[in-house]
Amino acid sequence: MRERSEMQQPAGGQTRSIAGALLLFWLGSTLLPRFAARLGLPPAPLDGLLAPLLSLLLLLGLCFLFPRLHLPGHMHWQGQFLGYALAGAAIAIALGYGAGFLQGSVMASPYDRSPLGILINVWKLLPALLAREYLRAFAIGSAYQEARHPRALLLLITLLLSLGEMKLQKIAFLADEQSLFIYLAQDVLPAVAQSALLSHLVLYGGGAAGSAYAITLSLFPRLFPFLPSLPWLADAALGLSVPAVMLLFLRARAQALCKRRKSRQGGGGVLGFSLTLLISVLLVWFTVGVFPLYPSVVLTGSMEPEIRPGDLLLVRSFGREEEIYALEAGDVVGFRRGEIIITHRIMEVCCDEYGNLSFVTKGDNNASADVGTVAPNELTGKVMRSIPKIGLPLVWMRGGESVPEGVQDEVYEGS
């Protein structure tokens, strides 16, 4: 008996037409409930019962009615990429919750975690994600079957499927350029990055790899009693950095497998992948200042002998107003002057009759205090610790740059 993959299949153009029609059907059934109120349609039937049923029917059709198309990834890769998918989802979850706990931005889960509530959440989520990822696999398989430009079709499939993950209804409430920028950074770009990652997981590991990543990432918050409530910058950094780093790894790993390299030679095991992804994302987060503790490198000598050029400072940003009011003489703080960051010691805390604070600062190696006091909104953080000489290469690269009048210390901030 012949396998389904060996059975006679429709012509490439016909298969791609079927895939395109199914993509449009899925996109319409996904987006319609979100705009039902604006269109004057009742959202309850689609959102509650019909949408999972439609997804289930689509999934059954993809599995039993339509031909199973060959994907570029080989069959013996699929278990390996399934492991990468599960490890990547676990690390993304751990980073999200870790950032939430570090910043004190954790809230109680709004999802119903009773047995019936869990069943309802699984019913609403599982068929939709499985149908989406196996539809992705069918569409990508049809693109690579006979298409002249399969990568262009891969990009189109990725963008179409990312629309279902964007909160498009927010567009009506964008009031200015700032809200538009936040919407793009927090919703649009992470959705595209996530869809690109899922497309490559499916490309190399089949629908099972994409489904495993999507289900793990989406189902865990509905079962766990707490959710991270991150600021938009942290949320955007997480949504972009994890898919980007993981995508780069997957592409490199697939190229290595194509050249028949052994897994141990390429460092491509699941453990090695997990460590690489975790370290890379942590470095990105430290660079953009997602964590409350971020690195800065001292470039001048106004704080000698305690802090010297090339020392790496660990600076804790101010998350609450109470932390600024707790500052006292002797603390070393960072503050903005123009486009740069200065790190000096507080000599005096001033408070006017209305309770407004300001700070007199001075470099330890300077003869006099800095010109002008520092306002609370100019503070960037409090220095917690210095690590000697780690930043010397940056000092050599940026030597000779000027500092603002009245201060003699320049710091390169990693956030």
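Reader: Where is serine 358 found?
Author: Serine 358 is found in strand 7, residues 357-362. Helices (H or I, at least four residues) and strands (E, at least two) are DSSP runs, numbered from the N terminus. This is a predicted model: local features need pLDDT of at least 70, side-chain atom pairs count only at pLDDT 80 or more, and totals for chains, interfaces and linings use all residues. Residues are numbered from 1 along each chain as its sequence is written, and side-chain values use heavy atoms, with hydrogens and water left out.

Reader: Is serine 358 buried or exposed?
Author: Serine 358 is buried, because its relative accessible area is 18%. Buried means under 20% relative accessible area, exposed over 50%, and partly exposed in between (1.4 Å probe, protein chains only).

Reader: What does serine 358 touch?
Author: Glu348, Val349, Cys350, Thr373 and Val374, leaving out residues up to four places away in sequence. Contact means heavy atoms within 4.5 Å.

Reader: Zooming out, how many helices and strands are there in the chain?
Author: The protein chain has 12 helices and 9 strands. It has 415 residues, and buried ones make up 43% of them. Take the contacts with a separation of 6 or more: residues 24 or more positions apart account for 74% of those.

Reader: Which strand does strand 3 join?
Author: Strand 3 (residues 293-298) joins strand 4 (residues 312-316) through 5 bridges, and the two run antiparallel. Two strands pair if DSSP finds at least two bridges between them. For instance, valine 297 has leucine 312 as its bridge partner in strand 4.

Reader: And which strand pairs with strand 4 over 5 bridges in the antiparallel sense?
Author: Strand 8, residues 379-387. There, arginine 385 is the bridge partner of leucine 314.

Reader: What lies in the loop between strand 3 and strand 4?
Author: Proline 305 lies in that loop. The peptide bond from glutamate 304 to proline 305 is cis, with omega near 10 degrees. Most peptide bonds are trans.

Reader: New topic, helix 7. What does it span between its end C-alpha atoms?
Author: Helix 7 (residues 177-223) spans only 36 Å, whereas a straight helix of 47 residues would span 69 Å at 1.5 Å a residue. That expected span is 1.5 Å times one less than the number of residues.

Reader: Where does helix 7 bend?
Author: At glycine 205, by about 140 degrees. The bend is the angle between axes fitted to the seven residues ending there and the seven starting there.

Reader: Which residues touch the most other members of the largest nonpolar core?
Author: Phe81, Leu201, Tyr213 and Leu250, out of 53 residues. A nonpolar core is a set of buried Ala, Val, Leu, Ile, Met, Phe, Trp, Tyr and Cys residues joined through side-chain atoms within 4.5 Å. Helix 7 gives the largest share of this core, 14 residues.

Reader: What does tyrosine 213 touch?
Author: Its contacts include Ala85, Gly88, Leu201, Val242 and Met246, not counting residues up to four places away in sequence. There is also a second, separate core of 11 residues, which includes Leu327, Phe335, Ile340 and Leu357.

Reader: Last one. Where does leucine 27 lie?
Author: Leucine 27 lies in helix 1. Leucine 27 is buried, with a relative accessible area of 11%. Beyond its neighbours within four places in sequence, leucine 27 is in contact with Leu160, Leu163 and Gly164.
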